[in-house]
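Let's take a walk through this fold together. Have the coordinates open as you read.

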Amino acid sequence: LAFFFITAFSMMSVGNAADAYFMTYNVGATPMMTTAFMWLGTIPAFIFMPLVPAIKRKIGKKGMFYLFLGTAVVGMAMMYIFVQVEALKQFWLLCIAQFVKSTGIIVATGYMWALIPEVVSYGEYTSGRRIAGIVNALTGIFFKAGMALGGVVPGIVLAVVGFNAELPQQTALAEQGILWLVCVIPAVLLVLAIYIISKYELEDDVIDKINMEIEERAKNS
């Protein structure tokens with residue numbers, strides 16, 4: 001869970017740091033278009049988050065993560081293609097890609113917080129102690145580490161590709177570097193997150209058994 005957190009927050013930090021550059025230099029968007037594009041990324045939360053319990057019951061916890069993390073990767077691939085192919089470089093197409101990408105990210109990273117109580121229960125089951133404080137502290141350390149890592153990577157990439165904020169238009173290499181920050185690096189981190197969550201062993205039936213065992217211990221004590 002800790003490794004999933006550090007990967008997820010690194011992905012979000014890298015992408016968020018470069019979004020404004022992407023809209024300004026790769027898309028050539030106006031401030032109004034940029035604002036609309038950013039706000040579009042919040043809409044999936046109101047549509048899909050209420051559906052999470054039903055989706056989880058249908059395809060399972062891991063299946064849900066695979067679905068939405070994969071959806072985010074598809075959205076990033078769409079965005080990369082739409083910008084690279086001149087005929088497809090349309091704002092409305094980029095908005096569709098943004099919606100698809102945000103749907104995957106919002107649901108997956110929103111639901112990951114629900115895994116913390118499961119880990120706490122597992123800790124109590126194996127150690128006999130309620131280690132909620134330790135688990136939450138470690139989770140906090142890892143997501144802050146992820147944000148810190150995500151804050152360093154954009155600066156390094158932009159320096160390598162020769163980004164210059166004083167220029168009204170960037171070089172082709174600098175624009176490619178921005179595109180890597182928005183699409184490619186986050187997509188790689190999402191694939192890594194899919195691998196990490198595949199190793200998560202606390203399926204719903206396991207957690208149910210653990211909670212029942214904890215309750216039995218409490219009754220017997």
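Which handedness does the crossing of α2 and α6 have? The crossing of these two helices is right-handed, a label used when the near helix is turned clockwise from the far one by less than a right angle, with left-handed for anticlockwise. Before going further, keep in mind that this is a predicted model, in which local features need pLDDT of at least 70 and side-chain atom pairs count only at pLDDT 80 or more, while totals for chains, interfaces and linings use all residues. Residues are numbered from 1 along each chain as its sequence is written, and side-chain values use heavy atoms, with hydrogens and water left out.

Back to that pair. The axes of helix α2 (residues 31-40) and α6 come within 9 Å and cross at roughly 25°; axes here are lines fitted to C-alpha atoms, for helices over the stretch in contact, with angles from 0 to 180 degrees between N-to-C directions. α2 and α6 are therefore roughly parallel to each other (under 35 degrees counts as roughly parallel, over 145 as roughly antiparallel, 65 to 115 as roughly perpendicular, and the rest as oblique). On the α2 side, M33, F37, M38 and L40 make the contact, and α6 brings F91, L94, C95, Q98 and F99. Contact means heavy atoms within 4.5 Å.

Now zoom out. The protein chain has 10 helices and zero strands, where helices (H or I, at least four residues) and strands (E, at least two) are DSSP runs numbered from the N terminus. Its C-alpha trace spans about 70 × 35 × 25 Å along the principal axes. Of the contacts with a separation of 6 or more, 79% are between residues 24 or more positions apart. Buried residues make up 43% of the 221 in the chain; buried means under 20% relative accessible area, exposed over 50%, and partly exposed in between, using a 1.4 Å probe and protein chains only.

What about the inside? The largest nonpolar core has 58 residues, and F4, F22, F65, M79 and L94 touch the most other members. Helix α1 (residues 2-27) supplies the largest share of this core, 12 residues. Such a core is a set of buried Ala, Val, Leu, Ile, Met, Phe, Trp, Tyr and Cys residues joined through side-chain atoms within 4.5 Å. Beyond its neighbours within four places in sequence, F4 is in contact with F65, L69, M112, A193, I196 and I197.

S10 also sits in helix α1. At 4% relative accessibility, S10 counts as buried. Leaving out neighbours within four places, S10 is in contact with G146, L149, G150 and L189. The C-alpha atoms of S10 and L189 are 7.8 Å apart, although 179 residues separate them along the chain.

Another serine, S121, lies in helix α7 (residues 115-127) and counts as buried at 8% relative accessibility. Apart from neighbours within four places in sequence, S121 is in contact with R130, I210, N211 and I214.

Just after α4, G60 takes a positive phi of about 85°.
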